[in-house]
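Welcome, and thank you for opening the viewer. Let's walk through this structure together, one selection at a time.

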Amino acid sequence: MKNSDGSYRMMPGFGSLFGRHPRVPEKSLESSANDSLTESNEISSNSTSSGCPVQGPSRSKAISLFSRAGPSPNSATVDATKQQYDVYSRPLDVDPSNNMPKSNPDNLARNSLPSKEQTVPLPTERVSSTIPKGGTDGETWTYPSPQMFWNSLARKGKLGDTKEEDMETVVAIHNNMNEGTWAKVLEWEEVIGEGTPKLSKFTGRPFDLSPKATIKHYLLGHPFPFDRHDWTVVRPSGQQVRYVIDYYHDTAAENDSTSIEDLQIGRGGKCNSLLVDVRPALDGPSELWGRMVSMPLAIRGCASIVDCVLGGGEGKEKRSEFEPLPLIPSDTLKLSMDDSKEVWANIQKDSKIDDENKVGSLETDVPVITETEAMQIADTYATIIKQCEQVKVQLQNCDSDAECRKAFMGMTACAGKVMCPLQHKSFADTIKEVAAGKDIDEITSAKINIAFDTLSECVANNDSKASVAREQHPDLFRKIVGQ
């Protein structure tokens with residue numbers, strides 16, 4: 001695992017196996033990766049390779065997934081008002097043209113790898129949106145894969161009780177929500193714009209209540225939004241216009257019959273429990289005129305104010321399909337008030353966390369391990385001791401940095417095969433690619449390092465849990481493990 005200065009430190013695992021932490025040098029994994037390919041490949045060769053889910057008791061947690069993971073169309077979107085950091089606490093360079101972190105091999109490699117907490121593999125395929133990408137000729141934004149969405153939540157410590165099985169459904173709803181948002185933007189642009197726009201950049205602002213949402217809640221009794229985005233579109237002339245978007249959840253519409261298949265792009269489905277309030281930001285007089293005059297006239301089919309007056313409020317022109325959300329909440333939407341307050345309180349709690357100081361912090365709460373859990377953990381360690389005896393001896397007795405580094409990798413791979421099978425398979429598959437003759441470019445090298453780091457972290461986390469289990473159930477551990 002890397003330190004904030006880019007150097008490496010190996011994860012301090014195996015304390016439960018040894019009764020102490022073995023000596024491991026602080027040296028870069030890259031320098032030993034190629035030397036260890038043969039041995040690691042030998043180790044890996046033995047391995048075995050309905051409706052919107054925003055309902056039920058945990059619905060307030062489910063709808064907050066979107067604000068937890070970040071805005072989209074792309075999961076890598078960032079809050080441009082704050083310094084961004086990667087998983088090793090190093091500042092990320094952000095492209096100001098689209099608020100996206102600049103690509104680097106580590107980020108690209110991590111997109112397809114499981115996190116240390118993960119136990120079930122997730123799809124890594126990404127889906128293209130219908131939203132044109134600003135600054136390109138014919139490209140569209142690409143949505144995050146279920147694996148990327150999971151990694152985003154894991155990286156921010158926002159998984160909570162989220163399960164891997166939820167991700168494909170959550171991503172389908174997430175994508176559908178953004179497609180619906182873009183459709184609303186196009187309805188506005190048809191009235192106040194000058195042709196087909198492109199989405200230039202977007203920023204997630206879940207901690208900031210928009211002026212309109214503030215008035216709706218505190219003066220008109222409307223529920224809080226569960227998320228806010230600011231999207232900037234670029235028109236054919238080059239003019240940029242910012243849109244403010246508030247997302248709401250309607251509890252009464254949870255039990256609609258829309259299937260996840262219908263929510264896929266191009267299928268025409270809609271998640272009726274998710275409501276979106278889209279409007280141009282009041283950044284200038286033209287946007288104010290558009291909101292106060294142009295759109296209200298277009299909705300009524302009026303060419304002008306005079307036309308509307310003479311027609312008794314109705315015109316003969318083509319009517320805009322835009323349907324604004326009412327300022328006053330409906331009776332069913334009022335049922336979401338308590339949930340919205342809970343979500344908003346959680347969002348504000350998150351906003352007080354200093355992300356920079358949080359990176360690398362240690363959990364202070366000691367988990368309570370049940371006897372059943374302790375028995376499972378002890379059985380796992382008994383298996384590891386039996387299967388990894390040889391590499392355990394090598395790690396205990398290594399002298400040189402090279403020997404210790406090689407023994408540590410061997411012990412991590414051997415123990416990880418038992419306690420972290422998904423992360424072990426990811427590392428083993430990466431090693432197999434290289435052993436099969438694939439060139440070791442920057443991304444492949446990053447993938448090897450990250451896959452091994454993730455495996456090491458998973459092993460260390462399980463080892464820490466085993467230490468607690470042994471302290472809380474010493475007799476059981478002595479009986480099963482012999483330690």
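Start by selecting threonine 214: setting aside residues up to four places away in sequence, threonine 214 touches Leu209 and Leu219, where contact means heavy atoms within 4.5 Å. Before moving on, note that this is a predicted model, in which local features need pLDDT of at least 70, side-chain atom pairs count only at pLDDT 80 or more, and totals for chains, interfaces and linings use all residues. Residues are numbered from 1 along each chain as its sequence is written, and side-chain values use heavy atoms, with hydrogens and water left out.

Threonine 214 sits in helix H8; helices (H or I, at least four residues) and strands (E, at least two) are DSSP runs, numbered from the N terminus. With 29% relative accessibility, threonine 214 counts as partly exposed. On that scale, buried means under 20% relative accessible area, exposed over 50%, and partly exposed in between (1.4 Å probe, protein chains only).

Next, show the whole of H8, residues 211-218, which lies across S7 and S8 and runs at about 130° to S8. Axes are lines fitted to C-alpha atoms, for helices over the stretch in contact, and angles run from 0 to 180 degrees between N-to-C directions.

Which strands make up the sheet, and in what order? Four strands form an open sheet in the order S5-S6-S7-S8, with antiparallel pairing; two strands pair if DSSP finds at least two bridges between them. Strands S5 (198-204) and S8 (274-280) are at the edges with a single partner strand each, so one side of each has no neighbour in the sheet. Neighbouring strands here are turned by 25° against each other on average, direction ignored.

Zoom in on the pairings:
- S6 (residues 227-234) and S7 (residues 240-249) run antiparallel and are joined by eight bridges; valine 233 has valine 241 in S7 as its bridge partner.
- S7 and S8, also antiparallel, are joined by seven bridges; isoleucine 245 stands opposite valine 278 in S8.

Is S8 mostly covered or mostly uncovered? Mostly covered: six of its seven residues are buried.

Now pick proline 206, in the loop between S5 and H8. Proline 206 counts as buried, at 14% relative accessibility. Tryptophan 344 is 138 residues away from proline 206 in sequence, yet their C-alpha atoms are 8.9 Å apart.

For another loop, select lysine 316, between helix H10 (305-310) and helix H11 (337-351). Lysine 316 is exposed, with a relative accessible area of 84%. Its C-alpha atom is 5.6 Å from that of glycine 301, 15 residues away along the chain.

Move on to helices H14 (residues 389-397) and H15 (residues 401-419), which pack at an angle of about 145° with axes 9 Å apart. Where they meet, H14 contributes Val391, Lys392, Gln394 and Leu395, while H15 contributes Cys404, Ala407, Phe408, Gly410, Met411 and Cys414.

Finish at helix H16 (residues 421-435), whose 15 residues reach 20 Å from first C-alpha to last, close to the 21 Å expected at 1.5 Å a residue; that expected span is 1.5 Å times one less than the number of residues. Its buried residues include Leu422, Phe427, Ile431 and Val434. Just after H16, look for glycine 437, which takes a positive phi of about 105°.
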